[in-house]
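This report describes one protein chain, from its overall form down to single residues. Look at the sequence and the structure first.

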Amino acid sequence: MNRIFRIALPFVFLAITLTITSFTRPSHSFVSDSLTKVLQSIFWIDNGFEEQGIHYPGKSIDPDYKFFYFKESYQLQVNKNGSLIAPFPFLNTVLITPLVKLHWLDGIVYLGAILFWLYSCLIYRITKSYWSFVVVLFFTPLLQHFLAFSDIAFASFFICIFLTSSFKKPGFNLTTMFVIVFGLFSLFLRTEILLLFLVLLSFYLYSFFKNGRDSIQIHAHWKRIFVISIVLVLFVVSNYLVYGSILGPRFDNNKAGIFRLEMDVFLKWKSLLLGGNGRFGLFGYAPWLFVLSGLYIFLSPGRKNTLGRNLFYLWALIILFVTFLSPNDSNIDWGTRYYSSFSIFPILLLFHFQWRRLFGIKKYVVIVFLLLSFSYSVYINFKVWKEMKKISVQIEDLVNRLMEDPADGYVVEDPTIANALGIMHVQSPIFYGNPMDVFNELGSALKGKRVQFLLLPLSKLVSPENPFWKKISETPGCQFVPVNLKKISIFSVSCKIK
């Protein structure tokens, strides 16, 4: 019976993961970052897999990308070929393109769910504890990050393989080559993994020079130094040859935010670690990490140089660096995705702690705080999954209504509406900006086309008496139709441009 349970448990966990994924309505879950990655993939396909950029259905009307929402959102530059420089890693584009080519965008989200399951199975194999599945799913924000950010899903899985392989005594064989490949892939996908490699490299070099060069442990460290160095050299050389930048376009696009030391950085750090802008940060989402930190700082038995203590300080140092160097407060997601690639450390620390050595009142206090914090994380997770579904349903409702009578183009002036149009960005020309500016710049190119303006109720142009509508439209004029959704109302104005 025990053997059957061990075999069945991972597949039961897979079924639960896929059920939650389906609950979030993945077909209309593409907004912001996830949608931009799809547009990058479509551009690559349409250009015969030869050039990188972002797909823009309105480019024939707006060739300079003046009113392209994603250019404004990511502050992108146009390259020498007249295409936008893609903000996300090309490797991510390569990995999701087969699903985009098959027109199965839902598959990208389900692929994230499968990677989450494989990641959890790796954790289970290390800890040898059935409870690891429960911890990963219900006590961390990992599932929603894997579903919403494909680069997070791939990078976290690749770095997990890299770490579990390199922490063993590595030999120079075929396995070493695969370890280097996985480490390099994870680094291309998420720039913050560079911090992990630099910290590990510093730690191994320090041990190498402090403890001598003859011990077996130092010999293992030397092999790890070699592997990490190869990964870093390949990363730098590849970026320099392809992009002319040693850290790549993702770093260049974010460096203004990384090195910004204004007063509001304290609010950014608070948002990343605790919460802000209507979202919880890392410790706000998973307060059991506070308890775990207290255990390793104050109650961890043994000497300070134990494996558990060293792993804890490694994780704490990475959290510190990532917080300080993050380009923004990551307020579009719950739990702060910038820390997701390093989640393996606190999960392993939780199972590595010597719980049997706790006794007396300390034991019961720790248990109470852990149970309370675990329960809170479960509550937040269920809340986030419901919120993900609500957002998808709202996007689906808006898209379905607009596509009942599709226009030749759409004009939006609010980023909330631009994001809510979801996968319409794949096929429909959508122009982001003040409607008057859009008409002044693109009016001649839009002549004779039916354009739908989507405005918030507080917009200055919602009145049918506004002279702007008579100026731009042919007889009999524009049609004013409010679009009422569950949470917001949108004012829709449909005009045939004269």
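## Elements and overall form

Helices, of at least four residues, and strands, of at least two, are DSSP runs numbered from the N terminus. In this predicted model, the protein has 22 helices and seven strands. Its radius of gyration is 25 Å, close to the 23 Å that the globule rule gives for 498 residues, so the protein is as compact as a globular protein of that length.

Along the principal axes, the C-alpha atoms fill a box of roughly 85 × 50 × 50 Å. Among contacts with a separation of 6 or more, 71% join residues 24 or more positions apart.

## Surface and charge

The accessible surface is about 24,200 Å², and carbon and sulfur atoms account for 63% of it. The protein carries 47 positive and 28 negative side chains, and the centres of these two sets are 16 Å apart.

## The nonpolar core

Of the 498 residues, 53% count as buried. The largest nonpolar core holds 155 residues; among those that touch the most other members are Phe162, Phe197 and Phe431. Beyond its neighbours within four places in sequence, Phe162 contacts Val179, Gly183, Phe197, Val227, Ile228 and Val231.

## Phe67

Where is Phe67 placed? Phe67 sits in the loop between helix H2 (32-46) and helix H3 (69-74). Is Phe67 buried or exposed? The relative accessible area of Phe67 is 8%, and buried means under 20%, so Phe67 is buried.

Not counting residues up to four places away in sequence, Phe67 touches residues including Tyr56, Asp62, Phe431 and Leu442. Phe67 and Val411 are 344 residues apart along the chain, and their C-alpha atoms are separated by 9.1 Å.

Note on methods:
Residues are numbered from 1 along each chain as its sequence is written. This is a predicted model: local features need pLDDT of at least 70, side-chain atom pairs count only at pLDDT 80 or more; totals for chains, interfaces and linings use all residues. Side-chain values use heavy atoms; hydrogens and water are left out. The radius of gyration is taken over C-alpha atoms; the globule rule is 2.2 Å times the number of residues to the power 0.38. Buried means under 20% relative accessible area, exposed over 50%, partly exposed in between (1.4 Å probe, protein chains only). Contact means heavy atoms within 4.5 Å. Accessible areas come from the Shrake-Rupley method with a 1.4 Å probe; for residues, only the protein chains shown count as cover. Lys and Arg count as positive and Asp and Glu as negative; His and the chain ends are not counted. The place of a charge is taken as NZ of Lys, CZ of Arg, CG of Asp or CD of Glu. A nonpolar core is a set of buried Ala, Val, Leu, Ile, Met, Phe, Trp, Tyr and Cys residues joined through side-chain atoms within 4.5 Å.
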